[in-house]
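Hi,

Here is the structure I promised to pass on. Have a look at it first, and then read my notes below.

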Amino acid sequence: MYRLLIKPFFDFLTSLVLLLFLSPIMLVVIILLAIFQKRQIFFTQQRPGKNEKLFKVIKFKTMTDERDASGNLLPDKDRLTWIGNIVRKTSLDELPQLINVLKGDMSFIGPRPWLVEYLPLYNSEQRRRHEVKPGISGWAQVNGRNAISWDQRFEYDLYYVDNQSFWLDLKIIFLTIKKVFVAEGISAEGSATMEKFKGNR
C-alpha cells in the first residue's frame, strides 16, 4: 500500500508544494548563476530510473564546460566555480529535481540516479538498485554521500530496495536535513564530486 499508493501521492503533493514555496530561493540561485557563471544555469542529463527507463534529470549547474586543448572536459575540481561550490555545499543544486519528482521520474527517497554509462558495468545484484524509483536523497546519501566506496553505495542502495518503508523514508528525510546543515560527504577524497564507477574487478 505504501509503495504503490501512499508514497507516489506524497511525492507528487509535496513536490508541488515545495516548488511553490521554494520558488523565490530558486529564482535567486538562477540570478546568481546567470551573473557569475556566464548564464550557465541548468544541468540536464539522461539517467536511468526505475526498471532502467531513461529520463532527463534536472539540476542547477555548478561546473563550467571548460575543456583542454584536446577538447576533453577539465577535471571536476577545475570546473567547479565558487558560486557552484556554494550551491553544492548547501544542496541547492538538487532543487530542480523537484520537477522530476512532480513528473514521476523520481521520488524524494531512493537510490541516486547514476550515469547511463554505468549500466553495462553492474552485476545482476547491483542492477537491483533500479527496482525502485531513484531519489533526491537515499540511504547511501545519509551514510556518507560521495565520501564512501562504490561497494558501500551498492550495499546501502540494496538495503533500501529490500527494506523500503514509511519509517525508513522518514528516517532518511530527517538525516538528510541534518546532512544539509553540516555539509558532510559532499566530495570523495581527491575529487570535487565523486570518483567514476569503473565496474567490478
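Predicted model: local features only at pLDDT ≥ 70, side-chain atom pairs only at ≥ 80, totals over all residues.

Residues are numbered from 1 along each chain as its sequence is written, and side-chain values use heavy atoms, with hydrogens and water left out.

The protein chain has six helices and four strands, taken as DSSP runs (H or I, at least four residues, for helices; E, at least two, for strands) and numbered from the N terminus. Along the sequence they come in the order α-β-β-α-α-α-β-β-α-α. The radius of gyration is 17 Å, which agrees with the value near 17 Å for a compact globule of 201 residues; this is taken over C-alpha atoms, and the globule rule is 2.2 Å times the number of residues to the power 0.38. Of the 201 residues, 43% count as buried, meaning under 20% relative accessible area, with exposed over 50% and partly exposed in between (1.4 Å probe, protein chains only).

Now to the inside. A nonpolar core here is a set of buried Ala, Val, Leu, Ile, Met, Phe, Trp, Tyr and Cys residues joined through side-chain atoms within 4.5 Å. The largest one has 25 residues, and Phe60, Leu98, Tyr160 and Ile172 have the most contacts inside it. Elements giving two or more residues to this core include β2 (54-60), α5 (150-163) and α6 (166-182), but α1 gives the most, with five. Leaving aside neighbours within four places in sequence, Phe60 is in contact (heavy atoms within 4.5 Å) with residues including Met26, Ile30, Phe42, Val87 and Pro96. A second, separate core of eight residues includes Tyr118, Tyr122, Trp150 and Phe154.

Which residues of α6 are buried? They are Leu168, Asp169, Ile172 and Lys179. These residues cover an arc of only 95 degrees around the axis, which puts them on the same side of α6; the arc is that of the directions from the helix axis to the C-beta atoms. Their cover includes α1, β3, β4 (135-137) and α5. On the face turned away from the buried side, α6 carries the exposed residues Trp167, Phe174, Lys178 and Phe181.
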